Amino acid sequence: MKQYDTIIIGSGQAANPLAKKLAAAGRHTLLLEATHIGGTCINTGCTPTKTMIAAARMQYIASRASRFGIPVETGAIDLTAVVKRKNEIVASFRGSLEKSLEKTANLEVVREQGVFTGTKTVNGRYTAEHIFINTGARPVIPPIPGIHEVPYCTSAGMLDLQKVPEHLVVLGSGYIAMELGQMYRRFGSQVTIIERGSRILGREDEDVAAAVHQVLEEDGIRIITHASVERAAAAGNGHVRLTLQNGQRLEASHWLIATGRAPATEALQLEKTGITPDEQGFIPVNEYLETSVPGIYALGDVKKGPAFTHISYNDYIVVAENILNKKNISIKDRPVPYCMFTDPELGRIGITEQEAREKGLAIKIARLPLSKVARAIETGETRGLIKAVVDAQNGQVLGAAVLSVSGGEIMTVLQMAMMGNIGYKQLRNAIFAHPLFSESLNNLFMTLDDD
Ligand SMILES: Cc1cc2nc3c(=O)[nH]c(=O)nc-3n(C[C@H](O)[C@H](O)[C@H](O)COP(=O)(O)OP(=O)(O)OC[C@H]3O[C@@H](n4cnc5c(N)ncnc54)[C@H](O)[C@@H]3O)c2cc1C
Ligand SMILES: NC(=O)c1ccc[n+]([C@@H]2O[C@H](COP(=O)([O-])OP(=O)(O)OC[C@H]3O[C@@H](n4cnc5c(N)ncnc54)[C@H](O)[C@@H]3O)[C@@H](O)[C@H]2O)c1
């Protein structure tokens, strides 16, 4: 049995900085990774999608150039070149991470799947007092009759296609569906999105989701809501025939399943540690990310909660500070900003209007269409809106949605205001450089000018 101070299972977004930090603090650390160093974010998530979405935006800009007086001829996109650029960027990110882990003293990286064989024992030969589980999540495949007899893709497979799909049908309408659906539409595919709920982006406010819906329809994407696939069957030449619950039939050259992600806990054999996952397989943790077994922690998507890279990274900060610096940092009430990388982007922070009303909070809503923003008009990017939820009593910003070019960056300005307790009246009168998108925060909060 090899004894370590720390074992980390999975090279996710918390694992890598944590491994380096603990090793540097003199703790003999083992990092086990089943496939690629860098986890989902670098290999099949954020990095590759945002790299390819940049190509789709380039195509969009080129296609509109003549409206700006610039004579640009656009043709079919070269998907092979797009994928090659993506592979190079992914390889460079992964390569530099691998190198930095390799040269970390006190750290061993082993390419193995981690499986518990005892409370604090992994793979029958490694043991440690502290064990961190950072194994992430995998796509959920819904139990649709016929699904396993036809070809379908998950998000990872969509990033390696060498030919633009003729007709891409996307199941689901979360971030993956929105980002990849719009990307392939811009690459030249016919795209249909199927959502079982009454609208896309079910967690967002209705007006915000409606604005995204409008953008996608303007881009030529067909969206079918209240729809579920009753069965799937092969339709010849590699195509798939999907029958909806109302009898409607769709023929897809490619079928993307984007119906959510489930925690990667099955292979861990958690029963050997005494940890009981919840009914969806997530590992329950307390506000310090400790599981029910002292010394074992769960970080990132494998625990329940928002599944984003920056949240997993913050999980690392929380445990590193608490263990090494004897702090008492909790994940309770931490801000959860996020950004959906459609074009325009949807930057989000804090509470939605819907959540605030359900809680019975006294709120004011500030709303500004991008068509009223000088910078948006000048740059020809008037699609979208900015919306903020404000505490009616003390004027503090409680949440915001920014559907705009650079919407994530503008949202971050509002996040900073929330972190610094800067109320809407200060933002309304603040001096922002003209003509920035962020300058429109003056106008956004002028819409609340009742005093
Ligand atoms: C298509 C896509 C796009 C995304 N875009 C964004 C984005 O723009 N912004 C954002 O914030 N988030 C995005 N996300 C989400 C983001 O990728 C995750 O939230 C993030 O990677 C955090 O993951 P993690 O730290 O939990 O672990 P992961 O990054 O999922 O890594 C887990 C690692 O553990 C390994 N592993 C699993 N089981 C075992 C085992 N038993 N033994 C050893 N190793 C194991 C896996 O191989 C993997 O390498 C995206 C996700 C997808 C799928
Ligand atoms: N920009 C980003 O930060 C970003 C980008 C991509 C992914 N992610 C992360 O990846 C995770 C997974 O994303 P996702 O888009 O797969 O899932 P999701 O959970 O966000 O959305 C799934 C959607 O599929 C619908 N759905 C589920 N089953 C269905 C069915 N059988 N038929 C039709 N519709 C169905 C749901 O109603 C929901 O709208 C998210 O939690 C997110 O945190 C983040």
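A residue counts as near a molecule if one of its heavy atoms lies within 4 Å of it, and domain bounds come from an automatic or database domain assignment. In this predicted model, domain 1 (2-139 + 262-324) and domain 2 (147-259) both give residues to the shell around ligand 2, so ligand 2 lies between them.

Of the 22 residues around ligand 2, those that come nearest are Glu-179, Glu-195, Arg-203, Ala-307 and Cys-339. The shell of ligand 2 is made up of 11 nonpolar, five polar and six charged residues. Taken alone, ligand 2 has an exposed area of 850 Å², of which the protein buries 81%, and the elements that give two or more residues to its shell are helix H6 (175-187) and strand E17 (338-340), with H6 giving the most, three residues.

Around ligand 1 there are 36 residues, and Glu-33, Thr-40, Gly-114, Asp-301 and Ser-312 come nearest.

| Protein atom | Ligand atom | Distance |
|---|---|---|
| Cys-339, backbone N or O | ligand 2, nitrogen | 2.7 Å |
| Gly-260, backbone N or O | ligand 2, oxygen | 3.1 Å |
| Arg-196, backbone N or O | ligand 2, nitrogen | 3.4 Å |
| Lys-50, side-chain N or O | ligand 1, oxygen | 2.8 Å |
| His-36, backbone N or O | ligand 1, oxygen | 3.5 Å |
| Asp-301, backbone N or O | ligand 1, oxygen | 2.7 Å |

Ligand 1, taken alone, exposes 1000 Å², and the protein buries 91% of that area.

Notes. Residues numbered from 1 in each chain as written. Chains lettered and ligands numbered in written order. Predicted model: local features only at pLDDT ≥ 70, side-chain atom pairs only at ≥ 80, totals over all residues. Heavy atoms only, no water. Polar contact = N/O pair within 3.5 Å; in protein donor to acceptor, adjacent residues only side chain to side chain. Areas by Shrake-Rupley, 256 points an atom, 1.4 Å probe, with all protein chains shown as cover. Helix = DSSP H or I, 4+ residues; strand = E, 2+ residues; numbered from the N terminus. Nonpolar A, V, L, I, M, F, W, Y, C, P; charged D, E, K, R; others polar.
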